[in-house]
Amino acid sequence: MISGSQCRAARALIDFSRERLAVSAGVSIETIVHFERKLAEPTDDEVFALQSALEAAGAVFISDNGRGIGVRLKFTKSEAKRIAILENEGGIVAPDRVP
């Protein structure tokens with residue numbers, strides 16, 4: 001389950017307004033505002049809907065792995081292909097292939 005801070009950060013990364021996320025997730029704008037500002041905790045189903053909508057739009061949530069929680073953008077296939085081309089041109093080869 002994501003936190004309100006992760007929700008806010010993911011919206012910023014994928015350039016979603018609260019209104020757009022509300023429509024995508026099927027929850028009210030007030031639910032998102034209260035969740036992000038830590039004023040109220042939405043139901044588990046609402047948090048799952050928010051997380052699913054954000055992930056479908058390109059956000060990847062990072063769970064607490066001892067270094068803290070976070071969020072990042074997922075690479076598209078074309079971006080992964082460009083990275084692979086750059087890595088094969090004498091750059092540093094990374095073991096973190098993107099599916």
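This report covers the overall make-up of a predicted model and the packing of helices α2 and α3 within the protein.

## Overall make-up

The protein has five helices and two strands. Read from the N terminus, its elements follow the order α-α-α-α-β-β-α.

Of the 99 residues in the protein, 30% are buried. The exposed surface comes to about 6700 Å², and 54% of it is supplied by carbon and sulfur atoms. When contacts between residues at least 6 apart in sequence are taken, 45% join residues at least 24 apart.

## Packing of α2 against α3

Helix α2 spans residues 18-25 and helix α3 spans residues 29-36; the two pack with their axes 9 Å apart, at an angle of about 115°. Because of that angle, α2 counts as roughly perpendicular to α3. The crossing of the two helices is right-handed.

On the α2 side, the contact is formed by Arg 18, Glu 19, Leu 21 and Ala 22, and on the α3 side by Ile 29, Ile 32, Val 33 and Glu 36. Five of these contact residues are nonpolar and three are charged, with no polar residue among them.

## Surroundings of α3

The buried residues in α3 include Thr 31 and Phe 35. Ile 32, Val 33 and Glu 36 are also buried, and these three belong to the contact with α2 as well. The cover over the buried residues of α3 includes α2, together with α1 (4-14) and α4 (44-56).

Just after α3, the backbone at Lys 38 has a positive phi of about 60°.

Conventions: Residues are numbered from 1 along each chain as its sequence is written. This is a predicted model: local features need pLDDT of at least 70, side-chain atom pairs count only at pLDDT 80 or more; totals for chains, interfaces and linings use all residues. Side-chain values use heavy atoms; hydrogens and water are left out. Axes are lines fitted to C-alpha atoms, for helices over the stretch in contact, and angles run from 0 to 180 degrees between N-to-C directions. Helices (H or I, at least four residues) and strands (E, at least two) are DSSP runs, numbered from the N terminus. Angles under 35 degrees count as roughly parallel, over 145 as roughly antiparallel, 65 to 115 as roughly perpendicular and the rest as oblique. A crossing is left-handed if the near helix is turned anticlockwise from the far one by less than a right angle, and right-handed if clockwise. Contact means heavy atoms within 4.5 Å. Ala, Val, Leu, Ile, Met, Phe, Trp, Tyr, Cys and Pro count as nonpolar, Asp, Glu, Lys and Arg as charged, and the others, Gly among them, as polar. Buried means under 20% relative accessible area, exposed over 50%, partly exposed in between (1.4 Å probe, protein chains only). Accessible areas come from the Shrake-Rupley method with a 1.4 Å probe; for residues, only the protein chains shown count as cover.
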